[in-house]
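Q: Could we go through this model together, beginning with the charged pairs and then turning to the sheet?

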Amino acid sequence: MYVKNVVICDSQKQYSENLFQVLTKSKSPEVQFYLFHSMQDAEQFAKEKKIYALLTGEECPKEKRRQIPAVRKFVLVQDKRSALEDGEIGVYRYQSAEAIRAQMLERRVKRKETQRSTRARRGGQLIGVYSPIHRIGKTRFALALGKKLAEREPVLYLNLEGYAGSSYYFTDSTEQTLADLIYYLRQEKGNLGMRISMMAGQLEKLDYIKPMPYILDMQAIQKEEWLQLFQQILNQCIYEKIILDLGDSVNGLFEILEACHTVYTPYIEERAAMTKLAEYTENLRKTGKEQVLEKTIQKRMR
């Protein structure tokens, strides 16, 4: 059996070790991954074994990349304008490990990340989902909306409810939560795009970060931090849209809704529910947030 040797050689040690850890979780007898931090080690390896795919950082000089023979050569880039050698393929550094693996091994990508891997970032959109009426399937609607949008472009789902039902909706082994992402934001630890690519779980083609497990942690986060987080994700990551599944526990709810491009408000045609909807609408008007109403799409739930 022919084994495809995939060599990763990147000077960004923490990033490459995290990437290597994720890539090697998927065991395959046909693929063997190797990690080096110096081109000299990678060059020595090439003398002993044939390299199918070589993945290096764009920081590595072209002449050194040229010296290592490989069937396919990939370069981790941060900008589509990066100059590459003939035969080299640019791979956007801060996308998911799954998309990087798929591109190197010519497998079908679950979303269109690799087709746009070196495109410059455009302005993305926040899409809010909020209702003053509870227990009407708001989260189910938000996830369905996210999955539908993710068929066409990269989408990230974030749940900002006090009690999100995490173990019901998100059953995979992803351990880190939105609380960890806020911690990284506060500490300015590394690139946010790389962090998210390592943390994100997936529902069909929709990426998500697990919600916070404790409501007090949620309530301790200020609106400025939420808005900063959303902006950094849109600026640094591959996502064209962020679905915000919002609850009453989040600080700065109205300001977050105001920052959204579109707001979906699920409702049911029931007397008490319609009274709550009317009170919510009046609160927006009294607090000068009429703009939220202008971009709101009310969604009747069945």
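Predicted model: local features only at pLDDT ≥ 70, side-chain atom pairs only at ≥ 80, totals over all residues.

Q: Is Arg 93 buried or exposed?

A: Arg 93 is buried, because its relative accessible area is 0% and the cut-off for buried is under 20%. Glu 59, at 40% relative accessibility, counts as partly exposed.

Q: How many salt bridges are there by this rule?

A: The count is 12. Among them is the pair Lys 138 and Asp 245, with N to O at 2.3 Å. This pair links helix H5 (residues 138–150) to strand S10 (residues 241–246), 107 residues apart. Both Lys 138 and Asp 245 are buried.

Q: And which residue forms a salt bridge with Glu 255?

A: Lys 223 does, the closest N and O atoms being 3.7 Å apart. Glu 255 is in helix H11 (residues 253–259) and Lys 223 in helix H10 (residues 223–236). Through shared partners, Lys 223, Glu 255, Glu 258 and Lys 289 are joined into one network.

Q: Changing topic, what is the strand order in the open sheet of five strands?

A: The order is S2-S1-S3-S4-S5, with parallel pairing. Strand S2 (31–36) and strand S5 (88–92) are the edge strands.

Q: Which residue in S3 is the bridge partner of Ile 8?

A: The partner is Leu 55. Strands S1 and S3 pair in the parallel sense over four bridges.

Technical notes. Residues numbered from 1 in each chain as written. Heavy atoms only, no water. Pairing = 2+ DSSP bridges. Helix = DSSP H or I, 4+ residues; strand = E, 2+ residues; numbered from the N terminus. Salt bridge = Lys/Arg side-chain N within 4 Å of Asp/Glu carboxyl O. Buried < 20%, exposed > 50% of the residue type's maximum accessible area, 1.4 Å probe, protein only.
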